[in-house]
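Trainee: I have this one open on my screen and would like to go through it with you. Can we start with the ligand?
Mentor: Fine, here it is.

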Amino acid sequence: MVAVRLADGQRIACGWAINAAGTGATALAASAGISLPVVARKRCVFNFRSPARPTGCGLVIDPSGVYFRAEGQGFIAGVAPPEASDPDIVDRNDFEVEHALFDDIVWPTLAHRVPAFEALRLQGSWAGHYDVNLLDANVIVGPHPAVDNLLFANGFSGHGLQQAPGVGRALAEWIVDGGWRSIDLSALGWQRVIDGRPLPEDAVV
Ligand SMILES: Cc1cc2nc3c(=O)[nH]c(=O)nc-3n(C[C@H](O)[C@H](O)[C@H](O)COP(=O)(O)OP(=O)(O)OC[C@H]3O[C@@H](n4cnc5c(N)ncnc54)[C@H](O)[C@@H]3O)c2cc1C
């Protein structure tokens, strides 16, 4: 790879490039002839108030996948939709909240786990897009063997904020030093994708 081309046609020569395009990463990788197994999936977050304030609990994940945690004066909660109703996002501007998820799955599960949540009051909600790595729900980080000066940091699958500092540092060291230095991320590299060897992340909400 010798250059990147911007949407307006401008060409910028470069020694290195990093694909950090989130849910846009698959299309960007395809422009370099690389197939990235990452799709965009909608995830909704619900914000509620409750007279019940369970103490001593941080992030709680029910075995069903429904999660909640305290947030300000209230709580946030959510769940990944059942696989059959979890399509890949086609319209990248689709941020419509799936309210049925709350009514049919999240609320009943919360009320079962914390009975006082039966009386909760929904305050707000929003939707975002996860960049889901279909192989194993973990990031794909580092160079692809076919284009060794194009680095990847894609497919965070909903846990990218936690991993961003480590991934950023490791990629910076790769560019400066030519390899993993203070953090060895080789287990999360392309080779497992090419070999079809998943490194599954089970704790995705
Ligand atoms: C509802 C929700 C809740 C989440 N909660 C958590 C959490 O609790 N903890 C956690 O760790 N993570 C969480 N995440 C995941 C976290 O937000 C992501 O993993 C993280 O933002 C990914 O960062 P990124 O820089 O890879 O991609 P992004 O933040 O998506 O940034 C990608 C950027 O690339 C740009 N771009 C796209 N295509 C192109 C292109 N062709 N050319 C140039 N630029 C392009 C985009 O406009 C965007 O600015 C959550 C995500 C969602 C949706």
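Trainee: How far is an oxygen atom of the ligand from a polar backbone atom of Gly160?
Mentor: The separation from that Gly160 backbone atom to the ligand oxygen is 2.9 Å. A polar contact here is a pair of N or O atoms within 3.5 Å; within protein, one must be able to donate a hydrogen and the other to accept it, and residues adjacent in sequence count only if both atoms are side-chain atoms. Bear in mind that this is a predicted model, where local features need pLDDT of at least 70, side-chain atom pairs count only at pLDDT 80 or more, and totals for chains, interfaces and linings use all residues. Residues are numbered from 1 along each chain as its sequence is written, and side-chain values use heavy atoms, with hydrogens and water left out.

Trainee: And what about Leu161 and Gln162?
Mentor: Leu161 has a backbone N or O atom 2.9 Å from an oxygen atom of the ligand. For Gln162, a polar backbone atom is 2.8 Å from a ligand oxygen.

Trainee: How much of the ligand's accessible area does the protein cover?
Mentor: The protein covers 53% of the 1,000 Å² that the ligand has on its own. Accessible areas come from the Shrake-Rupley method with a 1.4 Å probe; for residues, only the protein chains shown count as cover.

Trainee: Which residues come nearest to the ligand?
Mentor: Gly158, His159, Gly160, Leu161 and Gln162, out of 15 residues around the ligand. A residue is near a molecule or strand if one of its heavy atoms lies within 4 Å of it.

Trainee: What classes of residue make up that shell?
Mentor: Seven are nonpolar, eight are polar and none is charged. Ala, Val, Leu, Ile, Met, Phe, Trp, Tyr, Cys and Pro count as nonpolar, Asp, Glu, Lys and Arg as charged, and the others, Gly among them, as polar.

Trainee: Where in the fold do they come from?
Mentor: Strand E8 (121–133) and helix H3 (160–177) each give the shell at least two residues. Helices (H or I, at least four residues) and strands (E, at least two) are DSSP runs, numbered from the N terminus. By domain, at least three shell residues come from domain 1 (3–37 + 136–195), and at least three from domain 2 (41–133). Those bounds come from an automatic or database domain assignment.

Trainee: Switching topic. How many helices and strands does the chain have?
Mentor: Four helices and 10 strands. In sequence order the pattern is β-β-β-α-β-β-β-β-α-β-β-β-α-α. The C-alpha trace spans about 60 × 35 × 30 Å along its principal axes.

Trainee: What is the strand order in the open sheet?
Mentor: E5-E6-E7-E4-E8, five strands with antiparallel pairing. Strand E5 (60–61) and E8 are the edge strands, each pairing on one side only. Two strands pair if DSSP finds at least two bridges between them. Strand E4 (residues 38–49) and strand E7 (residues 74–78) have three antiparallel bridges, and Phe46 is opposite Ala77 in E7.

Trainee: What does E10 pair with?
Mentor: Strand E10 (residues 147–154) pairs with E9 in the antiparallel sense over five bridges, and a hairpin of two residues joins E9 to E10. Bridge partners include Gly142 with Phe152 and Val141 with Ala153. Strand E3 (residues 17–19) pairs with E10 in the parallel sense over three bridges, with Ile18 opposite Leu151.

Trainee: Are E9 and E10 buried or exposed?
Mentor: Mostly covered: five of the five residues of strand E9 (residues 140–144) are buried, as are seven of the eight in E10. Buried means under 20% relative accessible area, exposed over 50%, partly exposed in between (1.4 Å probe, protein chains only). For the chain of 205 residues, 41% count as buried.

Trainee: Why does His144 count as buried?
Mentor: Because its relative accessibility is 14%. His144 lies in strand E9, and a polar atom of its side chain is 2.9 Å from the backbone nitrogen of Ala146.

Trainee: And Ala153?
Mentor: Ala153 sits in strand E10 and is buried, with a relative accessible area of 8%. Its C-alpha atom is 9.8 Å from that of Leu188, 35 residues apart along the chain.
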